[in-house]
Amino acid sequence: MRTLKDRLRHTVLFELLALSLVVVFGPMITGHGMKELGALGIMMSLLAMSWNLIYNWLFDLWDRRARNMAPRGFGLRAVHAVLFEAGLLVAGIFIVAWWLEITLWAALILDIGFAVFFLIYAYVYNLAYDKVFPAPALA
């Protein structure tokens with residue numbers, strides 16, 4: 001089990017590295033400026049963290065009432081992940097469109113790009129993090 005200090009390090013490094021990548025490489029891909037994408041990256045990060053807190057709390061409330069917190073199998077975990085990403089995508093479209101002053105269609109495409117990037121990034125980041133900061137062995 002990881003400590004609170006380790007979890008905080010994991011989260012802060014995850015967000016800082018992701019924001020750095022978005023700010024450096026985003027302008028090359030989107031044509032928008034570093035400052036615009038940096039601010040958007042911060043907003044999207046705050047949105048993702050807030051949505052994570054709210055969504056998982058609501059999901060747990062539902063799970064407790066509907067299933068009495070029974071073990072979650074692959075199917076329920078897949079539905080949980082898809083609904084989380086769908087909610088984040090819907091909210092993100094409006095923020096992206098508003099901030100970058102683009103159409104909702106362009107914002108959807110860009111937001112899907114962010115989602116694909118973060119899917120790959122999260123996998124690589126967590127793999128690297130576990131190598132650099134291995135979890136303590138079970139006693």
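Leu119 is exposed, with a relative accessible area of 64%. This residue lies in helix α4 and contributes to a nonpolar surface patch of about 720 Å². The model is a predicted one. Helix α4 also has buried residues, which pack against α1, α2 and α3. Six salt bridges are found in the structure.

**Helix α4**

- Helix α4 runs over residues 104-132 and has 29 residues.
- From first C-alpha to last, α4 reaches 40 Å, close to the 42 Å expected at 1.5 Å a residue.
- The buried residues of α4 include three tyrosines: Tyr121, Tyr125 and Tyr129.
- Ala107, Leu110, Asp111 and Phe114 are buried as well.
- The packing partners of these buried residues are α1 (4-30), α2 (34-67) and α3 (74-100).

**Nonpolar surface patch**

- Leu119 counts as exposed because its relative accessible area, 64%, is over the 50% cut-off.

- Arg9 forms a salt bridge with Asp6, with the closest N and O atoms 2.5 Å apart.
- The two residues are three apart in helix α1, so about one helical turn separates Arg9 from Asp6.
- Arg9 is partly exposed at 33% relative accessibility.
- Asp6 is buried, at 7% relative accessible area.
- A network of salt bridges links Arg2, Asp6, Arg9 and Asp130.

**Salt bridge Asp60–Arg72**

- Asp60 pairs with Arg72 in a salt bridge, the closest N and O atoms being 2.6 Å apart.
- This pair links distant parts of the chain, twelve residues apart.
- Asp60 sits in helix α2, while Arg72 sits in the loop between α2 and α3.
- Asp60 is partly exposed, with a relative accessible area of 31%.
- Arg72 is partly exposed too, with a relative accessible area of 24%.

**Salt bridge Asp63–Arg67**

- Asp63 forms a salt bridge with Arg67, and their closest N and O atoms are 2.5 Å apart.
- Asp63 and Arg67 are four residues apart in helix α2, so they are separated by about one helical turn.
- Asp63 is buried, at 0% relative accessibility.
- Arg67 is partly exposed, with a relative accessible area of 26%.
- Side chains of opposite charge can pair when their charged atoms come close.

Note on methods
Residues numbered from 1 in each chain as written. Predicted model: local features only at pLDDT ≥ 70, side-chain atom pairs only at ≥ 80, totals over all residues. Heavy atoms only, no water. Expected span 1.5 Å × (residues − 1). Buried < 20%, exposed > 50% of the residue type's maximum accessible area, 1.4 Å probe, protein only. Contact = heavy atoms within 4.5 Å. Patch = residues over 30% accessible without salt bridge, like charges linked within 9 Å, V, L, I, M, F, W, Y side chains within 5 Å. Areas by Shrake-Rupley, 256 points an atom, 1.4 Å probe, with all protein chains shown as cover. Salt bridge = Lys/Arg side-chain N within 4 Å of Asp/Glu carboxyl O.
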